[in-house]
Every structure is written in structure tokens, then in C-alpha cells.
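Please read the points below with the structure open beside you, and check each one against the model as you go. They are written for someone who is new to reading structures of this kind.

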Amino acid sequence: MRFKSLDWLENCNSYILVNLLTTLGALPFAIGVGAAIILRSVLLLLFACILGGCCFGPVLSGMIDCILRKFRHCQDDWWASYRRAWKQNWKSSLIPGILLCLFWGFLGFMGLQMYWTTGTIPFITILLILISAILAVILFSVYWVQMVLFQQSSIITLRNCLIFGASHFPSCLISALMQIAWGVLLFCGAPWSIQLIPILGFCLILYWSMKILYPHLNQDFRIEELIAERFPEQMIP
């Protein structure tokens, strides 16, 4: 496995276009959770997370598939590859998408409600939220990669997530902290940062965080070896 020094710049157009599709898929979740927070409605939040997860899961799987293909230097047209990945993974990405949106939706909802009610959040609460967010990001990061690449049961996928996270915890921790810091930066920079989301909001951080994990993923799951056996046209010398 090799990374080109300018692989981000070489595939920038593909990443931006896929990011735009991902942003469109995230809109129902973002709008719904925003309305639920303003109205302080748990029922609306639940509905927004379920509907938003059904929309966001498939587009997120398409983005991760696109990033992994570029890591393998796959030369396929991005749109053709994206459509194939979407058709292949949209059903299996619904439940993970819903769980992902439920976690972040309720975490953000409870955190903001607590802050608005008390005016402050205890340090121990912030620490627990941070730890749970780190563990969730690690779990979901490894889960989505497996879901995109392999057809296997959820039990096996979850077991692999736990083993991988424990085996490569330093790299997983760095990747998770990068994603969390990026999310906090976008949140604190609103409304100006909102203009950045359709262009680079998802693809930039996923690219760099996945780049940290990919060497370990490739080694443990033999990604490029298996892809080269089944789809040699996706690999280059």
C-alpha cells in the first residue's frame, strides 16, 4: 500500500462532489435535530434521527467507498463507482446510519439542554461525553469500512471493531480526536463555517482520519490483497 504525496489534490474534484452529495443526505438530520433542540422535543428528535439516518447512512457509505478506492488508486469514474457502491450498500447502511444519528443527535440534544438549564456543564460530565464520543467514533469508523468492503454478519463486524480498536488504540484515538475536533470547530465557527460544509465538511476530515487508520486496516483485513484477487482492474502497479 502506498500513498501518493499529492493524492488529495489529484482527486480533489471527486472528493468535493461526493462531499456535496453527503451534505445533501445529511440535511434531513441536521434540520430535524435543529428543530428538536429549538422546540425541546424528544419525540421530534427521535423522528429526525431515524429519518436522517436513513438518508445519511447510504451517502456516508458512498463517501467512505470513494475514499477507500482512491487510497487503492482505483481509476474508475467516481460517479459510476459511487452509484455501484450506493446500490450495493444502501440497505446495509440504514441501521448503522440510524444508530449513528441517534447517538450524535441525543448527545448534542442532552448537552445543549443541560447547558441551557444550568448555565454550565460539570467537568466530569464533559469528560464522560468526550470518552463516549471517542469510543463511538472509533467503533463507527471501523464498522463503516467493513460494511463497505465485506459481506458479513453484524456480530463479526462488531467483534472486529473491538479487536481492531484495542490493537491499534493510539492510531484510533488520534483519528477519533481529529474528527471530534473538526466537528467542534465547525460548530463553534457557525454560521460562517456552514459555507465550508458542502465543499469540504465531510470529505476532508474523513480523508485524513481514514489515512491514519488505513495502513492498519489494510494489514489486518488484507484489503488490497483481497481486492487484487477479485477485482485486479481496481489496482495499479
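1. Leu-46 is a residue of helix H3, and in this predicted model its relative accessibility comes to 36%, so that it counts as partly exposed. If you set aside the neighbours within four places in sequence, the residues in contact with Leu-46 are Leu-102 and Phe-106. As a check on distances along the chain, you may look at Leu-46 together with Val-59: these two are 13 residues apart in sequence, and their C-alpha atoms are separated by 20 Å.

2. Helix H3 also takes part in a helix packing that deserves a careful look. Two packed helices are described by the angle between their axes and by the distance between those axes. For H3 and helix H6, which covers residues 123-149, the angle is about 80° and the axes are 10 Å apart. Because angles of 65 to 115 degrees count as roughly perpendicular, H3 is roughly perpendicular to H6. On the H3 side the contact is made by Gly-57, Leu-60, Ser-61, Ile-64, Asp-65 and Leu-68, while H6 contributes Trp-144, Val-145, Met-147, Val-148 and Leu-149. Sorted by class, the residues of this contact between H3 and H6 are 8 nonpolar, 2 polar and 1 charged.

3. Is Asn-19 buried or exposed? Asn-19 has its place in helix H2, and it is buried, because its relative accessible area is 0% and buried means under 20%. Its side chain reaches the backbone oxygen of Ile-199 at a distance of 3.4 Å. Not counting residues up to four places away in sequence, Asn-19 touches Met-63 as well as Ile-197, Pro-198, Ile-199, Leu-200, Gly-201, Phe-202 and Cys-203.

4. The loop between H2 and H3 holds two residues that I would ask you to find. Most residues other than glycine have a negative phi. Arg-40, however, has a positive phi of about 55° although it is not a glycine, and this residue lies in the loop between helix H2 (12-39) and helix H3 (42-71). Ser-41 lies in the loop between H2 and H3 too, and with a relative accessibility of 22% it counts as partly exposed. Leaving aside neighbours within four places in sequence, Ser-41 is in contact with Ala-36 and Phe-109. The C-alpha atoms of Ser-41 and Ile-194, which are 153 residues apart along the chain, are separated by 24 Å.

5. Where else does a residue other than glycine have a positive phi? Arg-222 is such a residue, with phi near 50°, and it lies in the loop between helix H10 (203-221) and helix H11 (223-230). The relative accessible area of Arg-222 is 37%, so this residue is partly exposed.

6. Asp-76 is placed in the loop between H3 and helix H4 (78-89), where its relative accessibility of 25% makes it partly exposed; the C-alpha atoms of Asp-76 and Leu-226, 150 residues apart along the chain, are separated by 18 Å. Lys-91 lies in the loop between H4 and helix H5 (94-118), and it is exposed, with a relative accessible area of 60%. Lys-91 and Asn-13 are 78 residues apart along the chain, and their C-alpha atoms are separated by 27 Å.

7. A last point concerns the confidence of the prediction. The mean pLDDT of the protein is 87, and 93% of its residues reach 70 or more. Among the elements of the protein, helix H7 (residues 154-167) has the highest mean pLDDT, at 94, whereas helix H1 (residues 7-10) has the lowest, at 69. Over residues 1-5 the pLDDT stays under 50, and for this stretch the model has 15 contacts beyond four places in sequence. Where pLDDT is low, the predicted coordinates should not be read in detail.

Notes
Residues are numbered from 1 along each chain as its sequence is written. Side-chain values use heavy atoms; hydrogens and water are left out. pLDDT is the predictor's confidence in each residue, from 0 to 100. Helices (H or I, at least four residues) and strands (E, at least two) are DSSP runs, numbered from the N terminus. Contact means heavy atoms within 4.5 Å. Buried means under 20% relative accessible area, exposed over 50%, partly exposed in between (1.4 Å probe, protein chains only). Axes are lines fitted to C-alpha atoms, for helices over the stretch in contact, and angles run from 0 to 180 degrees between N-to-C directions. Angles under 35 degrees count as roughly parallel, over 145 as roughly antiparallel, 65 to 115 as roughly perpendicular and the rest as oblique. Ala, Val, Leu, Ile, Met, Phe, Trp, Tyr, Cys and Pro count as nonpolar, Asp, Glu, Lys and Arg as charged, and the others, Gly among them, as polar. A polar contact is a pair of N or O atoms within 3.5 Å; within protein, one must be able to donate a hydrogen and the other to accept it, and residues adjacent in sequence count only if both atoms are side-chain atoms.
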